[in-house]
Amino acid sequence: MRGLQFELESGQQRRVSKAQERLKDAAGSVHAAAFVNVGDTIQVDHEAGFLRGHGTQVVNGELLATVCGIVERVNKLVSVRPLRAKYNPETGDVVVGRITEVAPKRWKVDVNCRQDAQLMLSAVNLPGGIQRRRTAVDELNMRSLYEENDIISAEVQSLYQDGSLHLHTRSLKYGKLENGQLVTVAPYLIKRLKQHFHHLKQYGVDLILGCNGYVWIAAPSESGKSSVSDTPMDLSNDHGSEMSSKRSTTLIPSAQEDGKRDLSDDDKVRDSITRELRERICRLANAVRVLAALGLLIFVESIIDTYEVSLSWDTAVKDMLAAEFCIKIVEREAEHRDKKELAI
């Protein structure tokens, strides 16, 4: 179980092994022949020909795997998708990142990629959505919008051959995130969907599933957009979460403004976050951690399902990270896939 460390008793080990065997043969699982290790030979049709893709290499006429992963075939193209890798960005991806540096006319953002992404000053909204050239005043006031360690949501605008990527936050749904909790998972566990911004009305919580493996769970903002901040609300063990308390700013002050910040609105927002809401946020965050530890796909339905199961089993927030709860989830998933296979 990735990310969570605990010792299993002999009875629990037998239950886990039995559930894993059921999952291997269940519907929706990947066949064992699709997995390869470094140096394994990949079976291809030499007479019809093939194209060598990523993670493969031809040695003495045989196609060998250069990484551990799953063999993928698209027509004649054969490639190996690694099981664990850094985030591989694509244009249009919704990402959650952390500001690491404020540079001239740009911010550098950690998006769990091989190198930091860049958010240009020209790629953010000006006050009131005004379309004009950025001035020296705008550059001087960059820290009033984003500063080091701020959490933001953005979209991948462009990719370059050297591996660098540029972001943009021109839409009102993007920007600084506050009053929430950040959970880090493996990027390949995030299921790519058309919508990565979710408002869970039944819980009163905003959820952002970043394609880069950063999941943001937070209290909804008063404006209704999914822009919330980190406040200390961890009721459980701190596994992969980042907490901080920041002010909220969505637009760069114009040259006529004096640059003063009124924190009274932010204080009201923090006061409005009740203990019950904090507990719901932490329960959802632990549901994401459990799914990531078990290697299950993370999407809004699976998170809600794990959340509801923890309530039906009367599991405390902190106990969701215990071995017994994780084993029950594995057994439940195996049973669910067995039923799906019988239905087919």
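Colleague: Leaving aside neighbours within four places in sequence, which residues is I303 in contact with?

Modeller: In this predicted model, I303 is one of the residues with the most contacts inside the largest nonpolar core. With its neighbours within four places in sequence set aside, the residues in contact with I303 are L207, L209, L284, A287, V288, L291 and I298.

Colleague: How many residues does the second, separate core have?

Modeller: The members of this second core include I99, A123, Y146 and C211. Of these, Y146 is buried, with a relative accessible area of 3%. The second core is separate and has 23 residues.

Colleague: How is the aromatic pair of W107 and Y146 classed?

Modeller: The structure holds 4 aromatic pairs. For W107 and Y146, the ring centres are 5.3 Å apart and the planes stand at 70°. Planes over 60 degrees apart count as edge-to-face. The pair of W107 and Y146 is therefore edge-to-face.

Colleague: How far apart in sequence are the parts that W107 and Y146 tie together?

Modeller: W107 belongs to strand β8 (residues 106-110), whereas Y146 is in the loop between α2 (136-140) and β10 (151-159). W107 counts as buried because its relative accessibility is 0%. Given these positions, the pair ties together parts whose separation in sequence is 39 residues.

Colleague: How is the pair of Y203 and Y307 classed?

Modeller: Y203 and Y307 are both buried. Their ring centres lie 4.3 Å apart, with the planes at 45°, so the pair is tilted.

Colleague: How far apart in sequence are the parts tied together by Y203 and Y307?

Modeller: Y203 lies in the loop between β14 (197-200) and β15 (205-209). Y307 is in helix α5 (residues 300-312), so the pair ties together parts separated in sequence by 104 residues.

Colleague: Which ring has the charged end of K191 over it?

Modeller: A lysine also lies over the face of W313, namely K328, at 5.4 Å from the ring centre. For K191, the charged end is 4.7 Å from the centre of the ring it sits over, which belongs to F299.

Colleague: Is strand β7 largely enclosed by the rest of the structure or largely exposed?

Modeller: β7 pairs in the antiparallel sense with β10 through 5 bridges, and V96 has S153 as its bridge partner there. On β8 the pairing is likewise antiparallel, over 5 bridges, with E101 opposite K108. Since 8 of the 10 residues of β7 (residues 94-103) are buried, this strand is largely enclosed.

Colleague: Which residue takes a positive phi in the hairpin of β7 and β8?

Modeller: This hairpin has 2 residues between its strands. A positive phi near 65° is taken by K105.

Terms used
Residues numbered from 1 in each chain as written. Predicted model: local features only at pLDDT ≥ 70, side-chain atom pairs only at ≥ 80, totals over all residues. Heavy atoms only, no water. Phe/Tyr/Trp six-rings, centres within 6.5 Å; stacked < 30°, edge-to-face > 60°. Helix = DSSP H or I, 4+ residues; strand = E, 2+ residues; numbered from the N terminus. Buried < 20%, exposed > 50% of the residue type's maximum accessible area, 1.4 Å probe, protein only. Lys NZ or Arg CZ within 6 Å of the ring centre and 35° of its normal. Pairing = 2+ DSSP bridges. Core = buried A, V, L, I, M, F, W, Y, C linked by side-chain atoms within 4.5 Å. Contact = heavy atoms within 4.5 Å.
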